[in-house]
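Let's take a walk through this structure and look at how its charged side chains pair up. Have the sequence and the 3D view ready as you read.

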Amino acid sequence: MAECHAQNKAKLISETRRRFEAEYVTDKPDKYDPRDIERLQQDDNWVENYLFWRHNIVDETLKMLDESFQWRKEMSVNDLTESSIPRWLLELGGIYLHGYDKEGNKLFWIRVKYHVKDPKTILDKKKLIAFWLERYAKRENGKPVTVMFDLSETGINSIDMDFVRFIINCFKVYYPKYLSKMVIFDMPWIMNAAFKIVKSWLGAEAMSLLKFASKNEVQDHVSVEYLPPHMGGTDPFRYSYPPLVDDDFQTPLCENGPIASEDEASSKEDIESDGKETLETIPNEEQTALKKITLTEPTSKAEENEKVDSKMKTFKKPLSVFKGPLLHISPAEELYFGSTESGEKKTLIVLTNVTKNIVAFKVRTTAPEKYRVKPSNSSCDPGASVDIVVSPHGGLTVSAQDRFLIMAAEMEQSSGTGPAELTQFWKEVPRNKVMEHRLRCHIVESSKPTTLTLKDSAFNISEKTSEDIYLQFANSRRASDFSPP
């Protein structure tokens, strides 16, 4: 069944590409941006998004591609940069990406009170919408956004139906499958008639994606940590520019950077405390055995720590790998943490340098107050690997909405790798030279996630191999993926 579905999807993608080239591109090659034509031939997900939005009807998909590609060329979407947008518009803070809804979808904020209908500025505002959506689409290919239409404190001067229609067309035609839902917050009665028109533009199928919410209802869609105070939330975020609001990634708590002495000392303290906590939970028989081992095999403190660290590396290695141009990153997509009942335990990110130069890296997170990351700002030698320990801080709860960002860039051979040199390096490195990769957080309900925790690995309590645990988790995960939301 699944194999048949995959074959059918591949056939539809192939037919769409062939027919678009023959029926639309051949006669008028200058009608579209060549970069979009090239991407159409290479990016299966992109083609599938258009097919999905047109119910896999190829004729309708071709018309949609034609309209979308013409718009992309007219708006010069592939060339839109920060400098393409007037500075005053970026400073205004009326349109930006920030936070996540309860399903983990990125929030695309449109603060309507900052919009004043003006034919002289409408094109720039449309470019700003396109800039943010294209920026997001290139980073998070295929992941939907939730549009937050914030109508609080708006009046008649803010109503611009042409602009609203453009936003809707962005999701209906230009960025298909990217809309999770559109939350209309605190809509004044004066706009009731206007939004009846909006409903007709959305069409019957997309109507279910439109959610009207008051202050009491908006928390059904977004948790308080990502809602501003005027919506009843606790998010301290305040928009400012420059720089661009960049996915809300910030320096994690207790960043220790590349200072080896501090890092080692902190790691020893953590290992010691973890060992004590674990010993308290081990049955008496096993404690006795451990004491016998300690008495018969006396070792120095450094050797003990080295052994614990070695075992941690042996058992905690994640199994999936993202193969980037500078670093291989494991796990590839998700960090696995234990549930609240089992206790939030440490997890590991493994970076492997696949270049011939030193690679500087930084780790950022959307919830800096929740996590300790060690090291979070350091470097990796050619061919070497670095283990990054991520641990929840102070009993705070891991959330599926939390994200981590790995940033990496090659350094010149003559560059130093001390704290001062790394700080200066990140100030000067061009943005287009920086590799970025994002990781989501996943809470494992089972007490045995895909990567063993420090406590289990240090004492080798479990008889299961890492492959056994991986298969066990994969099976449970597969079952949950097909369960109703």
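**Charged partners**

Glu15, Arg19, Glu23 and Asp59 are joined in a network of salt bridges. A salt bridge here means a side-chain nitrogen of Lys or Arg within 4 Å of a carboxyl oxygen of Asp or Glu. Searching the whole structure turns up 23 salt bridges.

Before going on, a word on the model: it's predicted, so local features need pLDDT of at least 70 and side-chain atom pairs count only at pLDDT 80 or more, while totals for chains, interfaces and linings use all residues. Residues are numbered from 1 along each chain as its sequence is written, and side-chain values use heavy atoms, with hydrogens and water left out.

Now find lysine 9, which pairs with glutamate 48 in a salt bridge whose closest N and O atoms are 3.7 Å apart. Lysine 9 sits in helix H1 (residues 2-25) and glutamate 48 in helix H3 (residues 44-53), so this pair ties together parts 39 residues apart in sequence. Helices (H or I, at least four residues) and strands (E, at least two) are DSSP runs, numbered from the N terminus.

Arginine 17 makes a salt bridge with aspartate 44, with the closest N and O atoms 2.6 Å apart. Here too, distant parts of the chain are linked: arginine 17 is in helix H1 and aspartate 44 in helix H3, 27 residues apart. Is arginine 17 buried or exposed? With a relative accessible area of 13%, arginine 17 is buried, whereas aspartate 44, at 40% relative accessibility, is partly exposed. Buried means under 20% relative accessible area, exposed over 50%, and partly exposed in between (1.4 Å probe, protein chains only).
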